[in-house]
Amino acid sequence: MDLDDRAVSFLLASDEPGVRYLVRTDLLGEAASSSELSALRESILSGPKASAVLDFENVSPYQKWRGAHWRLVSLIELGASPGHPAVIDAVEQVLDHWVDQRRSHPAPVIDGLARQHASQDGNALAVAVRMGLASDPRAVYLAEALCAWQWPDGGWNCDPRGTRRSSFHESLAPTWGLIEYHAATEEPRAEEAARRAAELFLDHHLFRTSTSGEVIHPSFAAFHWPPYWHYDVLQALRVLAPLGVLGDSRADDAFDLLARKRLKLGYWRSGGRWWRPPGAASGNVEAVDWGRTANEMITLNALRAIAARRTR
């Protein structure tokens, strides 16, 4: 697979400044420090999707998918930079929420394993770090808690029923948060924990059982945006790329899947949605329609995974 000029052109035509910025920096190698790219980044939060997501509602930070917890994950994945007052206020709310939750409701330990919804803390940690708060005591608290909760197989799980196998859904976001935290702080324990988690995913070829080799769950092989707390192969490639492990032969199946799902026009479509569009009457309603046919963020992340592998 290659980057494909058609897919790059498709993304460069986006009305979202964040998509265009990330294509030019992550795929085309343009210097983020240039005056043109700096100006483009400053405009990211004015994009139609970004500005709608930025319009935070007065609800609990974790309310799906309206709360600041979820909105911030989408904003930083669109390339939002630190400094916007509304973003900083939202990060403060999210950090306070999770630290208060964890201190008042410690993770239950069953059969020697901490049973916690670690995806919550992983997403919150990644957001805090990207917004320049890696040294904030609340971010440090979350990073240390994630390391303490990690299971012997390298992952995390909230299941109270006694299982001793980690959940891929609960393990990917903590891996992301710890990778971001290590990149900002060089904390060795965070890197060690992230690499142990990466081994868990790679030992399963990112989506196969360790026994029969069958696909663990159909949703793992379908690409989604936003993933929220759910696991899929593409999000795993996106998260693991900074560790430099995408050249590992155990990732071959994932890249083969990526190639098979690419459309003839060079881009990728959504394989499913965890959200409902604005105006829907039922739950899990999003601020924007992220796209179901030619999906910009799925295409961007697929191309970034390909680019990351080519450099290894």
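Modeller: H1 and H13 pack with their axes 10 Å apart and at an angle of about 135 degrees, where axes are lines fitted to C-alpha atoms, for helices over the stretch in contact, and angles run from 0 to 180 degrees between N-to-C directions. That angle makes H1 oblique to H13, since angles under 35 degrees count as roughly parallel, over 145 as roughly antiparallel, 65 to 115 as roughly perpendicular and the rest as oblique. The crossing of H1 and H13 is left-handed, a term used if the near helix is turned anticlockwise from the far one by less than a right angle, with right-handed used if clockwise.

This is a predicted model, in which local features need pLDDT of at least 70 and side-chain atom pairs count only at pLDDT 80 or more, while totals for chains, interfaces and linings use all residues. Residues are numbered from 1 along each chain as its sequence is written, and side-chain values use heavy atoms, with hydrogens and water left out. The helices are DSSP runs (H or I, at least four residues), numbered from the N terminus, as are strands (E, at least two).

On the H1 side, Ala 7, Val 8, Phe 10 and Leu 11 meet Glu 296, Thr 299, Leu 300 and Leu 303 of H13, contact meaning heavy atoms within 4.5 Å. By class, this contact of H1 with H13 has six nonpolar, one polar and one charged residues, where Ala, Val, Leu, Ile, Met, Phe, Trp, Tyr, Cys and Pro count as nonpolar, Asp, Glu, Lys and Arg as charged, and the others, Gly among them, as polar.

In helix H1, which spans residues 5-12, the buried residues are Ala 7, Val 8 and Leu 11, buried being under 20% relative accessible area, exposed over 50% and partly exposed in between (1.4 Å probe, protein chains only).

Elsewhere, helix H7 (residues 118-130) takes part in a crossing with helix H5 (residues 68-77), their axes coming within 10 Å and crossing at roughly 50 degrees. H5 and H7 are therefore oblique to each other, and the crossing of H5 and H7 is left-handed. The residues of H5 that meet H7 include Trp 70, Leu 72 and Ile 76, and those on the H7 side include Asn 123, Ala 126 and Arg 130.

Helix H6 (residues 85-104) also packs with H7, at an angle of about 145 degrees and with the axes 10 Å apart, and the crossing of H6 and H7 is left-handed. Here Val 91, Val 94, Leu 95, Trp 98 and Arg 102 in H6 meet Gln 120, Asp 121, Ala 124, Val 127 and Ala 128 in H7, and by class the contact of H6 with H7 has seven nonpolar, one polar and two charged residues.

Val 285, in the loop between helix H12 (252-260) and H13, is buried, with a relative accessible area of 19%. Ser 135, in the loop between H7 and helix H8 (137-149), counts as exposed at 66% relative accessibility.
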